[in-house]
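Thanks for making the time, everyone.

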Amino acid sequence: RERLWLETRERALPVPEKIEIWKALASRFSDYPPVLMSAADLIIHAGPLYGVPITDAQPLLDRLDDLVPDHADTKFHIAMVASQSASTEVVIRALDVAGAAAGPPWGATLTFEGRVVRALQRGGPPPVSEGAAAGRQFATIFAGDPTMVQFVGFSMTSAIPASYRLAVLEEQRKQGIYAGDILAGTSSGEGHLRIAMGDWDGGLQALRRLEPLSLPMAARAAGS
């Protein structure tokens with residue numbers, strides 16, 4: 001199983017084909033967490049772009065949660081699926097659980113997201129300035145890992161409306177907590193958020209700002 005997991009992880013295949021292989025391995029090795037997480041992760045992050053419902057990851061995550069109930073990354077991925085498929089109450093509960101389980105910077109971000117969803121349920125989100133604390137953790141931790149900078153600009157997961165996430169990003173920039181490549185790399189998140197709001201021109205302008213950067217291709221390609 002270890003050999004098959006490693007070989008599958010390293011194979012360059014079309015996403016739908018690779019998802020099917022992961023699903024088959026997950027069925028065959030249903031007690032092996034690395035295979036279950038690899039299958040769920042690809043479905044969550046790429047499946048919907050190829051017509052694979054994000055909810056296909058839920059049985060895999062449920063099994064993972066049974067096998068390794070203290071695994072923070074499983075809680076995080078459960079929250080990601082819930083944010084696109086579940087009721088508000090389920091989303092809030094999933095974010096709270098994930099926030100409590102995860103370390104920095106994700107823990108603070110997920111906990112804040114739970115607060116935002118609660119506030120939206122009551123009629124309005126909290127001030128965008130309250131989203132700056134998580135941004136400071138991202139700036140510190142990702143300063144040494146530029147391949148992760150693409151996540152900074154998204155501010156939060158899709159449980160939160162793109163317009164609010166963009167406002168949080170603009171507040172984080174205004175407070176000066178990002179610098180250098182991290183500041184420039186936030187254009188990836190900005191571009192995707194603007195496009196999600198229907199602002200195609202603004203989104204493309206933001207993504208084009210990534211082209212001259214010295215960031216690794218993995219970070220720049222997110223804007224392609």
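The second largest pocket holds about 150 Å³ of space, where a pocket is, on a 1 Å grid over the protein atoms alone, an open set of points where a 1.4 Å probe fits, with protein on both sides within 12 Å along at least five of seven lines, and a volume is the space filled by probe spheres set on the points, which are joined across faces, edges and corners. This is a predicted model, in which local features need pLDDT of at least 70 and side-chain atom pairs count only at pLDDT 80 or more, while totals for chains, interfaces and linings use all residues. Residues are numbered from 1 along each chain as its sequence is written, and side-chain values use heavy atoms, with hydrogens and water left out.

Lining residues, meaning those with an atom within 4 Å of a point, include W5, R9, K18 and W22 in the second largest pocket. Helix 3 gives the most to that lining, with five residues, and helix 1 (2–10) and helix 2 (15–28) each supply at least two; helices here are DSSP runs of H or I, at least four residues, numbered from the N terminus.

Turning to the largest pocket, its volume is about 1100 Å³, and of the 33 residues that line it, H45, M80, F151, F154 and R165 lie nearest its centre. Among the elements that give two or more residues to this lining are helix 3 (33–46), helix 7 (106–122) and helix 9 (162–174), although helix 5 gives the most, with six.
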